Amino acid sequence: MKRYFYLGLGSLAMCVFGLMYNWTVFSPAVSAQLNVSAASVANVFSVCQICFCAGGVLSGFIYYRVPFRASMLIASLMIGVGLFLTSRADQVAMIYACYSVLFSLGAGFAYKALLTTVMTWFNDKPGLASGVLVMGAGLTAFVFNVPTSLIIESLGWRTAMLLLALIAFVLSLVVSLIVRPRGIVRKAGKLEEGEEEGQVSTGQMMKSTRFYVYFIWSVLVLAGCSSLTGTAVSCGISFGISATMAATLSMIISLFNSVSRVFYGIIYDKIGRKTAMGIATTLFIIAVIILYCAFTLGSTALLAVSFIFVGLSFGAVPTISSAYILTTFGKKYYPSNFSIQGTYTLFSPFLGTMLFSALFTATQSYPLSYSYLIAYALIALGLFFGLNRLLNNPKTTAR
C-alpha cells in the first residue's frame with residue numbers, strides 16, 4: 001500500500017506546485033495596491049510558465065546525479081521563500097523575481113522530480129499514476145481560487161499569499177521527507193540485466209519521428225484548450241451573461257480537465273495509447289464543433305457543453321505524455337526524456353491565448369478569432385492517424 005500512499009500524498013503536493021494558475025486571483029489586488037497598471041503584471045503568469053518548464057527540464061537532467069530528498073528540500077525552500085518574499089513585495093520587479101522565477105523554478109523542479117519518483121512505483125500502471133498526479137496539478141485553480149479570493153477580500157492579498165507560502169512549503173517538505181524512489185536510483189539510470197532493450201536516450205529520442213509527431217499533437221491540443229480556458233470568461237460575457245456567471249462557466253473547464261486525467265490514465269493502462277489519444281482527439285473536435293454551434297445559435301447552454309468537452313480533451317495531454325514517453329522510450333532515460341517532452345507547454349501561450357488576442361484585436365469577432373481551433377483540430381486528427389501508422393509499421397517503429 002506504500003505506493004498508493006505516495007500517490008495520494010503526491011497528488012496533494014502537485015496541487016500546490018500548480019499555484020501559478022492562482023495568479024489570476026491575485027493580479028487585480030496586486031495591481032491596485034502597488035498602484036501599477038494591469039499590463040505591468042499581465043506577463044507574470046507567462047514568465048511563470050517559462051520558469052516552471054525550465055525547472056522541469058533541469059530536474060530531468062540531474063535526477064540521477066542528486067538524491068531525491070536533497071533536490072526536493074532545495075525545491076521546498078525555493079517554493080516557500082519565493083511565495084513568502086512575494087507577499088512582502090512592494091515593487092512589480094520583485095514579484096517577477098520571487099513569484100515568476102524563484103517559486104516557479106522550484107515548483108517546476110519539484111513537479112517533475114516527484115512525478116518521476118512516484119512513477120518508479122507504478123511500472124505496471126503508468127497511466128493511472130500519471131493521471132492521479134497531474135489531476136492534483138489540474139485542481140489547483142478549482143481548490144484555491146475561491147478561498148484565496150475570499151481571504152484577499154477580507155485580509156488582503158499579502159496575507160493570502162503568506163498562507164499559501166506556508167501550505168506549499170509544509171506539503172513539499174513532507175514529500176521530501178517521506179516519498180522515496182522504488183529501490184535504489186542508480187547513477188545514469190542503470191538497469192538490471194536484460195532490461196537494456198528498448199531504452200532510448202534523449203539524443204536518440206530527439207531524432208525520432210515518433211517523438212515529434214506526438215510532440216506536435218500535444219502542442220496543438222494544449223494550445224487550443226488553454227486558449228479557450230484563458231478567454232472563457234470574456235467569451236461568456238459576449239453571450240450577454242454576467243461576469244459572475246461567466247466565471248462559473250469557466251470553472252467547468254477546470255473541473256473536467258482535472259477529473260478526465262484519471263480517466264485517460266486508466267484507459268491508457270487498460271486499452272492503450274491509441275484509444276486514449278483517439279478519445280482525446282475526438283473530444284477536441286467535438287468541442288470546436290459545439291463551440292461554433294453555440295456562436296451560430298447564440299446559446300449559452302451549448303457554450304457550457306463545449307466547455308465540458310474542452311475540459312475533457314484538455315486533461316489528456318499531461319496524462320498521456322508521461323505514460324507515452326515511459327512506454328515508448330523506456331525508463332532508463334525517462335527523467336530527461338520526459339523533461340524534453342514537457343517543453344510543449346512553452347508553445348501554448350504563443351499558439352493559444354496570444355494568437356487569439358492578436359486575431360480578436362484585428363477582427364473584434366469571437367468566431368473569427370477562434371478560427372485557428374478548426375485548423376488545430378484537423379491537424380491533430382491527421383497527426384493521430386499518422387502516429388498510429390508509424391507505430392504499427394515495424395520498419396519505422398525504431399525511428
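This is a predicted model: local features need pLDDT of at least 70, side-chain atom pairs count only at pLDDT 80 or more; totals for chains, interfaces and linings use all residues.
I began with Ser104, which sits in helix α5 (residues 92-119); helices here are DSSP runs of H or I with at least four residues, numbered from the N terminus. Residues are numbered from 1 along each chain as its sequence is written, and side-chain values use heavy atoms, with hydrogens and water left out.

Is Ser104 buried or exposed? I found it buried, because its relative accessibility is 0%; buried means under 20% relative accessible area, exposed over 50% and partly exposed in between, with a 1.4 Å probe and protein chains only. Setting aside neighbours within four places in sequence, I saw Ser104 in contact with Cys48, Cys51, Phe52 and Tyr99, where contact means heavy atoms within 4.5 Å.

Next I looked up helix α10 (residues 209-230) and helix α15 (residues 316-329), whose axes come within 11 Å and cross at roughly 175°. The axes are lines fitted to C-alpha atoms over the stretch in contact, and angles run from 0 to 180 degrees between N-to-C directions. The crossing therefore makes α10 roughly antiparallel to α15, a label for angles over 145 degrees. From α10, the contact includes Phe211, Tyr214 and Trp217, and from α15 it includes Ile320, Tyr324 and Phe329. By class, I noted 10 nonpolar, 3 polar and 1 charged residues there; Ala, Val, Leu, Ile, Met, Phe, Trp, Tyr, Cys and Pro count as nonpolar, Asp, Glu, Lys and Arg as charged, and the others, Gly among them, as polar.

Of its 22 residues, 17 are buried, so the helix is mostly covered. At its N-terminal end I found Ser208 as a cap, with a side-chain oxygen 3.1 Å from the backbone nitrogen of Arg210.

Gln341 lies in helix α16 (residues 334-341) and is buried, at 0% relative accessible area.

Last, I checked Leu139, in the loop between α6 (126-138) and α7 (140-155). Leu139 and Ser258 are 119 residues apart in sequence, yet 5.7 Å apart in space, C-alpha to C-alpha.

Terms used:
Helices (H or I, at least four residues) and strands (E, at least two) are DSSP runs, numbered from the N terminus. Angles under 35 degrees count as roughly parallel, over 145 as roughly antiparallel, 65 to 115 as roughly perpendicular and the rest as oblique. A polar contact is a pair of N or O atoms within 3.5 Å; within protein, one must be able to donate a hydrogen and the other to accept it, and residues adjacent in sequence count only if both atoms are side-chain atoms.
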